[in-house]
Amino acid sequence: MKSRVMKIVTSLAIGIGISAAPASSYAATPKTMKVHYIDVGQGDSIYIKAPNGEDIVIDGGNKGKGNLVVSYLKKQKVDDIEVLISTHPDADHIGGLDEVINAFKVENVYAPKVSNNTQAYKDFLNAVKKKKLTIKTAQAGVKLPIKDVNAQIVGPTKTYANSDLNDWSAVVHMTYKKNTFLFTGDAETKAEADMIKAKKTLRADILKVGHHGAKTSTSKNFLDVVKPKYAVISVGKNSYGHPTSQVVNLLKNSKASILRTDQSGTIIITGDGTSYSVKKSR
């Protein structure tokens, strides 16, 4: 009898061990924040996959780049977009957003309260209207609905002249645990100084360099506050001299590692909450 009891206990223990083994071998996949700086040539388009699965799109490249952005998002298995931000109405930022809005279900659209008379801007407004969406004002103090990420718009801090479209740029700061990102659109030195004066949260490890590296953005004072470890320049073939040697030298002097879409293609920076990994498409 004793021998039989021992056999039963032994078989139960083995059974428990077998059933428990798979549970211990499946470690929970760590959450990450993945930021894709999409190569759209001379323009901006950024896709963010938040730790809890929200999809965020900032800008859509120039007119004619919408299909490229839509195709890229579909390859990332995006089915809907929780947050879509048009930083400002310049065609190389807003141009492809109408196609993005038409292709996906979009929950929230943000844009600064400034308009433009270009076809690109009109197409954006028409796409928003067609989907019966309301544009929420992108301005300092607005918090974005992203779980486990402190995501807030830190600029513009004030109103500017309609001719200063770049300074109207929606500037977004995101924090995931110890990972920090700053997305600046085309904000120029005036807007940078206003954000510093307003004591907005600007310190970030990863900086999306303003205005494709134009000398009218990315002042030394701004870099001294941001203190970036990586500086991503979204730029393509252009006649403006972007990025300028002035900005490149400022970034080098700040000891930021420079990443450029014209040299590396689409750049993906993944933050696990403490560290980063960088992947280039070429």
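1. Let's start with K279, which sits in strand 14 (residues 276-280); helices (H or I, at least four residues) and strands (E, at least two) are DSSP runs, numbered from the N terminus. The model is predicted, so local features need pLDDT of at least 70 and side-chain atom pairs count only at pLDDT 80 or more, while totals for chains, interfaces and linings use all residues. Residues are numbered from 1 along each chain as its sequence is written, and side-chain values use heavy atoms, with hydrogens and water left out.

2. K279 is exposed, at a relative accessible area of 55%. Here buried means under 20% relative accessible area, exposed over 50%, and partly exposed in between (1.4 Å probe, protein chains only). Leaving aside neighbours within four places in sequence, K279 is in contact with T266, I267 and I268, where contact means heavy atoms within 4.5 Å. The C-alpha atoms of K279 and I267 are 5.8 Å apart, although 12 residues separate the two along the chain.

3. The largest nonpolar core has 30 residues, and Y37, L144, M174 and F183 have the most contacts inside it. Strands that each supply at least two residues of this core include strand 1 (33-37), strand 2 (46-49), strand 7 (150-155), strand 8 (171-176) and strand 13 (267-271). Another core, of 25 residues, lies apart from it, with V78, A120, Y121 and L133 among its members. By definition, a nonpolar core is a set of buried Ala, Val, Leu, Ile, Met, Phe, Trp, Tyr and Cys residues joined through side-chain atoms within 4.5 Å.

4. Y37 deserves a look of its own.

5. Strand 1 is largely enclosed by the rest of the structure, because four of its five residues are buried. Strand 1 pairs with strand 13 in the antiparallel sense over five bridges, and four bridges join strand 1 to strand 2, again antiparallel. Two strands pair if DSSP finds at least two bridges between them. V35 shows both pairings: V35 stands opposite I269 in strand 13, and the bridge partner of V35 in strand 2 is I48.

6. Strand 7 is mostly covered too, with five of its six residues buried. Strand 7 and strand 8 run antiparallel and are joined by five bridges; Q152 has H173 as its bridge partner in strand 8.

7. On to the salt bridges, defined as a side-chain nitrogen of Lys or Arg within 4 Å of a carboxyl oxygen of Asp or Glu. The whole structure has 12 of them. One joins R282 and D39, whose closest N and O atoms are 3.3 Å apart. R282 lies in the segment after strand 14 and D39 in the loop between strand 1 and strand 2, so this pair ties together parts that are 243 residues apart in sequence. R282 is exposed, with a relative accessible area of 53%.

8. K208 and D44 meet in a salt bridge at 2.7 Å, N to O. K208 lies in strand 10 and D44 in the loop between strand 1 and strand 2, so the pair ties together parts 164 residues apart in sequence. K208 is buried, with a relative accessible area of 2%, and D44 is buried, with a relative accessible area of 2%. Elsewhere, K63, D98 and D123 are linked in a network of salt bridges.

9. E54, in the loop between strand 2 and strand 3, is one to check by eye. E54 is buried yet has no salt bridge, and the nearest side chain of opposite charge, K147, is 5.3 Å away; Lys and Arg count as positive and Asp and Glu as negative, while His and the chain ends are not counted. The backbone nitrogen of K147, however, lies 2.9 Å from a polar atom of the E54 side chain.

10. Finally, some backbone geometry. G155 and P156 are joined by a cis peptide bond with omega of about 10°, and P156 lies in the loop between strand 7 and strand 8. The peptide bond from H242 to P243 is also cis, with omega near -10°. T218, a residue other than glycine, has a positive phi near 65° and is buried, with a relative accessible area of 2%. K255 is not a glycine and has a positive phi of about 70°, but K255 counts as exposed at 73% relative accessibility.

Note on methods. Polar contact = N/O pair within 3.5 Å; in protein donor to acceptor, adjacent residues only side chain to side chain.
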